[in-house]
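Visitor: Hi! I'm new to reading protein structures. Can we go through one together?
Guide: Happy to. Here it is.

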There are 2 protein chains.
Amino acid sequence: MTGFTYYTPTKVLFGRGVEGQAAKEIRAFGGSKVLLHYGGQSAVKSGLIPAIRQQLTDAGLPFVELGGVKPNPRLSLVREGIALCRKEKVDFILAVGGGSVIDSAKAISVGFYMDTDVWDYYENQFQPVKTLPVGTVLTISAAGSEMSSSSVINNDDFTDGDLKKGHSDDLTRPKFALMNPELTFTLPKYQIACGVVDILMHTIERYFTNEKDLTVTDELAEGLMRAVIKEGRVAVENPTNYTAMANIMWAGSLSHNGLTGCGGVQDFASHQIEMELSGMYDVAHGAGLAVIFPAWATYVMDHDVGRFVQFAVNVWGVNPDGKTEKQTAVEGIERCKTYFRSIGMPINLAELGIPNLDRLEELAVKCTFFGKRTIGNFVKLGKEEIMDIYRIAAEQK
Amino acid sequence: MTGFTYYTPTKVLFGRGVEGQAAKEIRAFGGSKVLLHYGGQSAVKSGLIPAIRQQLTDAGLPFVELGGVKPNPRLSLVREGIALCRKEKVDFILAVGGGSVIDSAKAISVGFYMDTDVWDYYENQFQPVKTLPVGTVLTISAAGSEMSSSSVINNDDFTDGDLKKGHSDDLTRPKFALMNPELTFTLPKYQIACGVVDILMHTIERYFTNEKDLTVTDELAEGLMRAVIKEGRVAVENPTNYTAMANIMWAGSLSHNGLTGCGGVQDFASHQIEMELSGMYDVAHGAGLAVIFPAWATYVMDHDVGRFVQFAVNVWGVNPDGKTEKQTAVEGIERCKTYFRSIGMPINLAELGIPNLDRLEELAVKCTFFGKRTIGNFVKLGKEEIMDIYRIAAEQK
């Protein structure tokens, strides 16, 4: 067990109608002029954005708006947001949406106080000392950005497939998160399933560590994964099931606020390998993870078969009786793939809409920051290993 | 599942040597003049208090001291602390110790800004709007006060057995908690066992709720309990086992920061019934809980046998095959008693050092605030029911 810092100052209000507390919480955290930041027209048409506008107006809280955040949020819109916040003297950002909107808000909140371009933060060239406070109304359970310290932005300056980078800093953790499961009832099933995979992966990326003796953290991680697997099945069948959607929503926050990584060293290789795919091809992050994780697991399993046995038995319910450790471990990965497929996820690159591996080396090169880093901690991976994992991801069934 | 607020802003630094970060964190949270608050001489003799003094001095942080906090911390010392902080213009309290020291610090931090006596807060007659910031160096894993919103104080104005009351407010959550498991290696085994029971009970008091569909929260609660049961066995055998002591320490914080109660309605009847015992007889809180909980469970089991079956199977590993629900539920309670006994805890009032029930009615009357309240939410209990539970606690084996 390593030493660790656990710091999750985000105030969570959870349950039906909590989005009605936005103005009150903005004031409580010192906001007096708000940027209302959101995505496409669905949140406007659903009535959520009009209701928030009305709430802010009724509370006497002046605000300006910036909609149009896309999945895999773009740097160009972040820059626009920074300029708008400066011009309008905004002192609080309210992000209404899912991970993309919240990440975009975090990027604006960092960039607001920077003298240089905000991309420097994602290039790890800038250490923030102050950020604009951010609050959130969550409408998609997936990214966990509502309690996390991280954000991921697509640099659309690159004309030949975007460059997608993430960065973490505790100063970007939102002040509050208003989480009403009913706001997720209208999501398409494919998007719910992508969220389920993303949530599972936030725990899995922490679970595969070389640290031992994590009794508490392992119990929490395995329990969270079992809960998400169980409720994920229900949710994709019936997105208006409050129990399922509520448990998934809460699991989404807990899976990425740091709780499931205490005492371990997180891996996140699957995320980084997937980020190149969604950066270049604009595929859904969760769907990309459903393809990459089993390939990663197959590739690194021999590094610590015992850990994969624990994963198979405690998370996927594999009965190890009469099997070798390796057989049990493999069965765990197979059950994971079967589950992903059962909720409508792709399992290989072709199913993800990437028909060939023409740009395989380019992906792997970008993933190592042009040879400047390895990825992963459970097993450290360089360009060649990453290419091998993409190849498994292309072929697996 | 109910709506809920989850707010745990305490920054946790966990691992060997983290107590050396105290001065840095005090400054980060705005402290410039410190009250160093602690208990008996053991922390002085161990070298911990001298090392903290040196650290503060080296950092140029002026401080005053108030030691002498006793288990079941006394109101009289709290008042002394408030006066000292005002006289010395203290702006930060560093509590070095376990739950009693931290609770005493919280009481001082509330009372500092009150015009009336601090006991009004514990009588629920005062709503704080500001408190002195508190940081902690934890030396006992038990109370969970290092991340919690609650504190419990003994009013020693009462001459005939103290009156012990607890109160909660988010403003009293500590700013930081420095948690080095090695600082707990020198605790007596009895005290470690008391801590294990207290930690288990903080989850159990939330686990027994009438709310359904708590998939995530149940998984987390059951996992935490299994982890504490497992590592508790090791810890009382070998208090210098880092893995055991570290897992117990971390579980102690997570069991009382609110995590295991999200979506449920907490009960806390066993705590309140026990508080009367430790208020009047000054017994160790954890030992009192080991006597009261099985009695409470026996008394209320029929209210929801299914919940006690889940507790028996998922937490205590009872095999339900071929048994009635009630048999399984009873076996769970029996295994819990057996476990408590195996780590050296008492199981009835006589073993706790309370030889008779002469003051039974007085205890029950105090517990209902002289008839002004019922206790518990899983089952609401009045004076007569509380007396029945004390009677079971006297007789059980």
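Visitor: Leaving aside its neighbours within four places in sequence, which residues is N72(A) in contact with?
Guide: Before I answer, please keep in mind that this is a predicted model. Apart from neighbours within four places in sequence, N72(A) is in contact with S100(A), N154(A), K164(A), S278(A), D282(A) and V283(A).

Visitor: Where is N72(A) found?
Guide: Look in the loop between β3 (63-66) and α4 (75-88) of chain A. One of the contacts of N72(A) is D282(A), and the side chains of N72(A) and D282(A) are joined by a polar contact of 2.7 Å.

Visitor: Is N72(A) buried or exposed?
Guide: N72(A) is buried, because its relative accessible area is 8% and buried means under 20%.

Visitor: OK, new spot. Where does H167(A) lie?
Guide: H167(A) is part of strand β7 (residues 163-168) of chain A. With 17% relative accessibility, H167(A) counts as buried.

Visitor: What does the side chain of H167(A) make a polar contact with?
Guide: With the side chain of N124(A), at 3.5 Å. Beyond neighbours within four places in sequence, the contacts of H167(A) also include Y121(A), Y122(A) and S150(A).

Visitor: Let's talk about salt bridges. How many are there over all chains?
Guide: The count comes to 41 salt bridges over all chains. Among them, R53(A) pairs with E65(A), and their closest N and O atoms are 2.5 Å apart. R53(A) lies in helix α3 (residues 48-58) and E65(A) in strand β3 of chain A, so this pair ties together parts twelve residues apart in sequence.

Visitor: What about chain B? Which side chain meets D218(B) in a salt bridge?
Guide: That of R307(B), at 2.8 Å from N to O. Here D218(B) is in helix α8 and R307(B) in helix α12 (residues 305-316) of chain B, so the pair ties together parts that are 89 residues apart in sequence. Both D218(B) and R307(B) are buried.

Visitor: And R335(B) with E331(B): how are those two placed along helix α13?
Guide: They are separated by about one helical turn, because R335(B) and E331(B) are four residues apart in helix α13 (residues 325-342) of chain B. Their side chains meet in a salt bridge of 3.2 Å, N to O.

Visitor: Switching topic: what rotation superposes chain B on chain A?
Guide: A rotation of 180° with 0.0 Å of shift along its axis, giving an RMSD of 0.0 Å. That is the relation of a two-fold axis. The residue of chain B that comes closest to the rotation axis is P9(B), at 1.8 Å (C-alpha).

Conventions
Residues are numbered from 1 along each chain as its sequence is written. Chains are lettered from A and ligands numbered from 1 in the order in which they are written. This is a predicted model: local features need pLDDT of at least 70, side-chain atom pairs count only at pLDDT 80 or more; totals for chains, interfaces and linings use all residues. Side-chain values use heavy atoms; hydrogens and water are left out. Copies are superposed by least squares on the C-alpha atoms of residues with pLDDT of at least 70 in both. Buried means under 20% relative accessible area, exposed over 50%, partly exposed in between (1.4 Å probe, protein chains only). Contact means heavy atoms within 4.5 Å. A polar contact is a pair of N or O atoms within 3.5 Å; within protein, one must be able to donate a hydrogen and the other to accept it, and residues adjacent in sequence count only if both atoms are side-chain atoms. A salt bridge is a side-chain nitrogen of Lys or Arg within 4 Å of a carboxyl oxygen of Asp or Glu.
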